[in-house]
Amino acid sequence: MSNKKIAVIYLFFFIIPYVVCLGVVGISYNALVLHALTWRVIAGGIVGAFGMFAVKVIAQRPVLIMYRSSTTKALKNLINFFILERKKTTIGLNLMVDFLLSIASIYIVAKLIPLSTIIGSAIGWLVLILIVSLTLASYLEFESLSIYSSKSKK
């Protein structure tokens with residue numbers, strides 16, 4: 001797999017869904033808690049961090065395949081953010097980054113999106129973006145990232 005193809009798949013399969021999931025964290029929290037910008041945002045950040053961590057756990061196999069296939073150092077460093085098979089301190093730092101990004105998402109959503117949109121259709125638009133992004137990524141290179149191969153057919 002070429003570095004260009006890896007970068008495109010990584011964009012549609014990981015970066016866009018990651019940003020959309022952060023948006024879901026921010027919108028969900030702001031839809032549930034009307035006074036979002038108080039100390040309760042820490043609880044939202046913790047829940048968001050563990051939710052984001054769960055998203056990363058699901059994608060470990062394709063991430064490792066892309067990491068091993070890439071030859072560009074910058075691309076490897078970017079992909080490395082989603083790899084969780086490392087030391088506990090690295091996983092802890094990864095959770096901390098997710099926590100901070102979740103809190104940032106909560107604040108950004110509260111400041112930029114009106115409450116009527118947060119409670120109304122915002123989640124639906126994010127889910128649509130998520131589905132389109134993952135569908136494009138799967139279409140582009142599902143065979144390379146799959147644990148099943150055409151060689152294993154009986």
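Axes here are lines fitted to C-alpha atoms, for helices over the stretch in contact, with angles running from 0 to 180 degrees between N-to-C directions. This is a predicted model, and in it the axes of helix α3 (residues 60–69) and helix α4 (residues 73–80) come within 9 Å and cross at roughly 165°. Angles over 145 degrees count as roughly antiparallel, so that is how α3 runs relative to α4. The crossing of this pair is left-handed. On the α3 side, the contact comes from Val63, Met66, Tyr67 and Arg68, and α4 brings in Lys76, Ile79 and Asn80. Sorted by class, that gives four nonpolar residues, one polar and two charged.

Helix α3 also meets helix α1 (residues 3–32), with axes that come within 10 Å and cross at roughly 155°. That angle makes α1 roughly antiparallel to α3 too. Here again the crossing is left-handed. Asn3, Ile6, Ile9, Tyr10, Phe13 and Phe14 of α1 make this contact with Pro62, Val63, Met66 and Ser69 of α3.

Several residues of α2 are buried: Val41, Gly44, Gly45, Gly48, Ala49, Met52, Phe53 and Lys56. What do they pack against? The buried residues of α2 sit against α1, α3 and α5 (88–112).

Technical notes
Residues are numbered from 1 along each chain as its sequence is written. This is a predicted model: local features need pLDDT of at least 70, side-chain atom pairs count only at pLDDT 80 or more; totals for chains, interfaces and linings use all residues. Side-chain values use heavy atoms; hydrogens and water are left out. Helices (H or I, at least four residues) and strands (E, at least two) are DSSP runs, numbered from the N terminus. Angles under 35 degrees count as roughly parallel, over 145 as roughly antiparallel, 65 to 115 as roughly perpendicular and the rest as oblique. A crossing is left-handed if the near helix is turned anticlockwise from the far one by less than a right angle, and right-handed if clockwise. Contact means heavy atoms within 4.5 Å. Buried means under 20% relative accessible area, exposed over 50%, partly exposed in between (1.4 Å probe, protein chains only). Ala, Val, Leu, Ile, Met, Phe, Trp, Tyr, Cys and Pro count as nonpolar, Asp, Glu, Lys and Arg as charged, and the others, Gly among them, as polar.
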